[in-house]
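Here is a friendly tour of one model, meant to be read with the viewer open. Have a look at the sequence and the fold, then read on.

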Amino acid sequence: MAKPAAAALSFPPELLLRAQGSGLGLKAAIFDVDGCLTDGRIYIGESGEQFKAFSTLDGQGLKLLVQGGIVPLIVTGRDSPAVRRRVADLGLQHALYGVHDKLAAAGPLLASLGLDWADVAAMGDDWPDLPLMQRAAFACAPANAHAEAKALAQHVTVAGGGHGAAREFCDLMLMANGRYASLLHGHLTTLDGA
């Protein structure tokens, strides 16, 4: 039987320590949608229907967070059938739509899950996300985020929003919390053990 391959992905040790948070590691991650899970563009059809493009890399990252015991939370300022469909397709359990004050809305959600801000990371790209990013134990911004979001973030992704930035954030969270390697190994092993 071949020895499992080592992970090809790595992050600097000081970044991993920051992304780990205090205690036993971070337990949840808040994601904005437009600009983080999408590239921020909104396509509007003749009848007013909205279309958004999502990355399958990001979707897999969110699923891996769940498998790794980190709860993904969606907190978005807009509400659309496209976003609700994507959240449902990914099987995400916790989402807040059409939120104007994201910090005020996230507080009760965290409390209902028995989480404190010290347990949470956040990814945002623009001014409405700044209070969440400032309050969270760890903050991340996509490469194409507004300058103020990038300045507040402890990590700015290499990838842009809607193009793998959320996956990079998920991978970082999983690696920092010691869950990445076992998830990778599980995906490298086939069902028949080969």
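## Around Met 123

Leaving out residues up to four places away in sequence, Met 123 touches (heavy atoms within 4.5 Å) Ile 30, Phe 31, Asp 32, Cys 36, Cys 140, Ala 141, Pro 142, Thr 157, Ala 165, Ala 166 and Phe 169.

This is a predicted model, in which local features need pLDDT of at least 70 and side-chain atom pairs count only at pLDDT 80 or more, while totals for chains, interfaces and linings use all residues. Residues are numbered from 1 along each chain as its sequence is written, and side-chain values use heavy atoms, with hydrogens and water left out.

## The sheet

Pairing requires at least two DSSP bridges between two strands; β6 (residues 120–123) and β7 (residues 138–141) have three, in the parallel sense. Ala 122 has Ala 139 of β7 as its bridge partner.

## Lys 102

Helix α4 (residues 102–112; helices are DSSP H or I runs of at least four residues) contains Lys 102. Is Lys 102 buried or exposed? Lys 102 counts as buried because its relative accessibility is 4%, and the cut-offs are under 20% for buried, over 50% for exposed and partly exposed in between (1.4 Å probe, protein chains only).

Beyond neighbours within four places in sequence, the contacts of Lys 102 include Asp 32, Val 75 and Leu 132.

Definitions and conventions:
Helix = DSSP H or I, 4+ residues; strand = E, 2+ residues; numbered from the N terminus.
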